[in-house]
Amino acid sequence: MKIPSYLKKGDTVAIVCTARKFFPEDAEPAIALLRSWGLEVKLGRTIGLDSCQLGGSDSERIADFQEMMDDDNIKAIWCARGGYGTVRIIDGLDFTKFKKNPKWVIGFSDVTVLHSHIHNMKIATLHSIMPFTVPRTEEISKETLRKALFGEKIRYEVPAKGYEIKGKATGQLVGGNLSILYSLLGSKSSIDTKDKILFIEDLDEYLYHVDRMLYNLKRNGYFDGLKGLVVGGMTDMHDNEIPFGQNEVGIITAIAKEYNIPVCFYFPSGHVKDNRALILGATVDFEVTDDKIVIEFK
């Protein structure tokens, strides 16, 4: 697995739209954050474009992302926000130069399309806050992004909730948004999870659909040979008038317990205010005990 070069003061980070639209005035908090770390910022041509929900047409978003990938002066590409739209551009991108000289691709939610696609090139990416979420993100989350970008040691220890599945594992951390992982099944962007630790999170889903997605991942072999499961924010889940009968913890536990792997719930990452940075593709030590959850990047 290739780890992109860590940043240093004076490096330039590009902010682009791969999905929903985002405007220059909305980028100001993110620009201020990057500059406080000694970094320079380049706004992509998609920032300010308005194509219904999207930050420009597919061709405009492809051209913008391609330019930032191919520009040697750009050391990281920070996706402005999620929503929907990244899957519409992924097959239009040429990663030839990127594979030879990888740089950090940063974001979460819909950006899982890029995380998964790039993971199959054996290049690490960064699951973290985005410019859109900077104004309402906790300071600890911003600091974890800084640490990840500058190559500082990252170790997370958070309290257990009491319904985890205990155990220890070491492996590559992969994954992202559950709905996106589900939507990529059968495509060349779908990931291999064997001998890895899978991270999932999601937002605004019905419980029966969470069950459906997990069973589809199971049928596609995502749990075969898996070493551990990290469940992040499962935010604003819904139930039907006739209850499904299990919440997200019950749904996930029912599947995961078959595989004798450690599982934690509500790890602070995803669609939550405390959205800590995760280096996808990096090797981690993962431990779940009666009272704590530990994820330490090697």
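Is Phe 98 buried or exposed? The points below take up this residue and then other features of the structure, which is a predicted model.

1. With a relative accessibility of 0%, Phe 98 counts as buried, and Phe 95 is likewise buried, its relative accessible area being 5%. Both values can be judged against the cut-off, because a residue is called buried when its relative accessible area is under 20%.

2. There are 8 aromatic pairs in the structure. One of them joins Phe 95 and Phe 98, whose ring centres lie 5.8 Å apart and whose planes meet at 75°, so this pair is edge-to-face. The reasoning rests on the angle, because planes over 60 degrees apart count as edge-to-face.

3. Turning to the strands, an open sheet is built from 6 of them, arranged in the order S2-S1-S3-S4-S5-S11 and with mixed pairing. Strand S2 (40-43) and strand S11 (278-280) are the edge strands, each of which pairs on one side only. From one strand to the next, the twist averages 25°.

4. At one end of that order, strand S1 (residues 12-16) pairs with S2 in the parallel sense, and 4 bridges connect the two. A student who wishes to locate this pairing in the model may look for Val 13, which stands opposite Val 41 in S2.

Note on methods: Residues are numbered from 1 along each chain as its sequence is written. This is a predicted model: local features need pLDDT of at least 70, side-chain atom pairs count only at pLDDT 80 or more; totals for chains, interfaces and linings use all residues. Side-chain values use heavy atoms; hydrogens and water are left out. Rings of Phe, Tyr and Trp (its six-membered ring) pair if their centres lie within 6.5 Å; planes under 30 degrees apart count as stacked, over 60 as edge-to-face and the rest as tilted. Buried means under 20% relative accessible area, exposed over 50%, partly exposed in between (1.4 Å probe, protein chains only). Two strands pair if DSSP finds at least two bridges between them. Axes are lines fitted to C-alpha atoms, for helices over the stretch in contact, and angles run from 0 to 180 degrees between N-to-C directions.
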